[in-house]
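Subject: Structure handover

Hello,

I am passing this structure on to you.

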Amino acid sequence: MDSDYCHCRIKSDYFHFSAAVIRPAMKLVAKVSELPFIGPVYAKRLARLNIKTLADLLYHFPYRYHDFSIISPISRVQLGEIVTIRGKIISIKNIYTKNRKIIQQAIVEDDSGQIEIIWFNQRYIPNVLPAGSQVSLAGKIGLFNNKLVMESPDYEKITSPNQLTIHTGRLVPIYPETSSIPSKWLRSRVAQFLPEAEVEEFLPLQLIKRSHLPDIKSSLQQIHFPQNLEEAQKSRERFAFEELLLLHLSILERKNSWQKQESCYILDIPQKDLAKFMGNLPFVLTNSQRQAVNEILADLTRPSPMNRLLEGDVGSGKTVVAAIAAYVITKNNLQTIMLAPTQILAQQHFDTLSRLLNPYNIKFHLITGGKKIGHYDVVVGTHALFHQKQPLDRLGLVVIDEQHKFGVEQRAILLGKNLKACLPHVLTMTATPIPRTVALTLYGDLDLSVLTELPAGRKKIKTWVVPPQKRDGAYQWISKRVKNGEQVFIVCPLIEESEIESMKSVRAATAEFNQLKEQIFPDLKLGLLHGKLKANQKDEVIKKFRERQIDILVATPVVEVGIDISNATVMMVEAADRFGLAQLHQLRGRVGRRELQSYCLLFTESTTPKTISRLHALEEAKSGSELAELDLKLRGPGEVFGTRQHGFPELKVANFGDLELIKKTKEAAQEIFPSLSKFPKLKSHLKTHLVVAN
Ligand code: ADP
Ligand code: MG
């Protein structure tokens, strides 16, 4: 009896935060499989959640809390209330009902009275909580056979008088749902390991003080087992701060290490040839194009390789800037490769570059498979280029269009593969409308050139939100435009988005196409474009559209990025409310490529004032990044940075909607980075525990 009692004491202390236990501290880098109470089965399940070390486990945060913090004497409980009671089990048994269910029925008593407890179908409970056990129970008070009872409460055994409870009598952490790892299990492990884990503050103390953040030890305690919700919130703020700070620091580190690299080639700028080349362009560069070109040329003559982002709304003319850079590279007898996110865009870049560079005896190649590209000057392709076997030994420039479609990782592979000891120059181009603060975070390692203006003569695209009753009128109006010699895009609703579209959206687009062709525009030429077409079929459709053999192109949202058809003047979007503002802005950028007045019709069946007014934001001229910021406010970061746009790093605690915190942490990171070696703990944390992807 004595020894039993003793055993319980030790175990319970060990379980519940006691500082009295003297054991070697648990290292944060310890593998979960090496920790007590975690067998191979759970280690495997944890691995599936990407929890491999003790640090990962402690950083697996609850996403909400059950409020079991009201502790009540039994005599005071009221119907409907959610409470915790503490007492002794007087009796407990399994009861078999007529319809073959099993009910567990117990009587619990404290100084104030008794109450009946019932559970359903948990036949092991009488073994876990035999009569005589001291228990803490949390749950709802209901009525059963006209008596107050506590229904299916959460429970934990009390084995010492001052025991702190973790499943009852407090705010109880609930972890992101996984069927194989119950919250109760996670809670127990965290409660057990937290007091013994070797947790050390790694953020600079000044920073913690200045930003009024709780230290790491209390933050971990309070995010898992808060006394109140303010405490939970405060600790969450610390982890959000920490997460963004680490993200900024890692980006600064990346930038720093890139700048330390040597460039393979320091280039000559062939001033005379270049002037001639510019003079031969079919248009005059805009001021911001000219500035971007100058910034790029300056980069190319420096000893460290260029790593620049060229950002500009759709239609701002990024391709010609890249073509000028490619021309300079070629003149230095080096190769350029240009990567596009889709085959259609690769084809288009290829055509544009050909037009611009053809007069100069430059060898071009559009690559679609893993073919040899060694002896070309300029190679255009998609990610198929990643599968290039042989290294390019004269690679001077890599141009990446729409960078977010390529993971940073892929980019690294590409560069690594084609590299000897030095790096080529890299120019990344994007029209992705993201708020400026977010851009400066995610692309913080790149130097930035921005095209702030559209080529002269472009008219503002007239944009209208079209309610259902105006649909017929809109169709008639579209017919008129076509008869006027103009072309039209009709974009089908966004159904499911993935790199390769789902069959569902393909079927929807096909149905829409057939209906329009047969019933609405029987006398016009319609084409259909979707993601399940083979590459050559897609090219064929685009070619026909470009050559005006198609009047109206019905397409799934694949047309979003990059297609340039200068005679298209109408962009009509079905179920526009399903798209983000920034996405619609990109779609709209498909038209308005010439001096012709262009139009964007946003069809919606929605009557929700909020939705309608969101769409109306597009009727006023706004830049892509302004719209993105609005999107972020109206729809939240999940919609804007979730599955819809690929390649953004996933944040665990912080979110990209918190522009204030992004700014604050960026400033902190910039302040710390130059003297990072003065903060060895932070530095090593940055190496080992960085949980942020990217
Ligand atoms: P994006 O920035 O969206 O990639 P593009 O490079 O496809 O834009 O350019 C859009 C169109 O504008 C192309 O037809 C291109 O030839 C044309 N263009 C580019 N720069 C100018 C300019 N300075 N003046 C007039 N037209 C231009
Ligand atoms: Mg483009």
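This is a predicted model: local features need pLDDT of at least 70, side-chain atom pairs count only at pLDDT 80 or more; totals for chains, interfaces and linings use all residues.

Start with ligand 1. It sits in the largest pocket. In total, 16 residues surround ligand 1. The closest are Val 284, Gly 315, Lys 318, Thr 319 and Arg 458. Sorted by class, this shell has five nonpolar, six polar and five charged residues.

A nitrogen atom of ligand 1 lies 2.8 Å from a backbone N or O atom of Val 284. For Gly 317, a backbone N or O atom lies 3.0 Å from an oxygen atom of the ligand. Lys 318 uses its side chain: an N or O atom there is 2.7 Å from an oxygen atom of ligand 1. On its own, ligand 1 has 570 Å² of accessible area, and the protein covers 80% of that.

Now the helix. Helix α8 covers residues 229–260, which makes 32 residues. From first C-alpha to last, α8 reaches 46 Å. That is close to the 46 Å expected at 1.5 Å a residue. At the start of α8, a side-chain oxygen of Asn 228 comes to within 3.3 Å of the backbone nitrogen of Glu 230.

Best wishes

Conventions
Residues are numbered from 1 along each chain as its sequence is written. Chains are lettered from A and ligands numbered from 1 in the order in which they are written. Side-chain values use heavy atoms; hydrogens and water are left out. A residue is near a molecule or strand if one of its heavy atoms lies within 4 Å of it. A polar contact is a pair of N or O atoms within 3.5 Å; within protein, one must be able to donate a hydrogen and the other to accept it, and residues adjacent in sequence count only if both atoms are side-chain atoms. Accessible areas come from the Shrake-Rupley method with a 1.4 Å probe; for residues, only the protein chains shown count as cover. On a 1 Å grid over the protein atoms alone, a cavity is a set of points where a 1.4 Å probe fits but cannot get out, and a pocket is an open set with protein on both sides within 12 Å along at least five of seven lines; lining residues have an atom within 4 Å of a point. A molecule sits in a cavity or pocket if more than half of its atoms lie within 2 Å of its grid points. Ala, Val, Leu, Ile, Met, Phe, Trp, Tyr, Cys and Pro count as nonpolar, Asp, Glu, Lys and Arg as charged, and the others, Gly among them, as polar. Helices (H or I, at least four residues) and strands (E, at least two) are DSSP runs, numbered from the N terminus. The expected span of a helix is 1.5 Å times one less than its number of residues.
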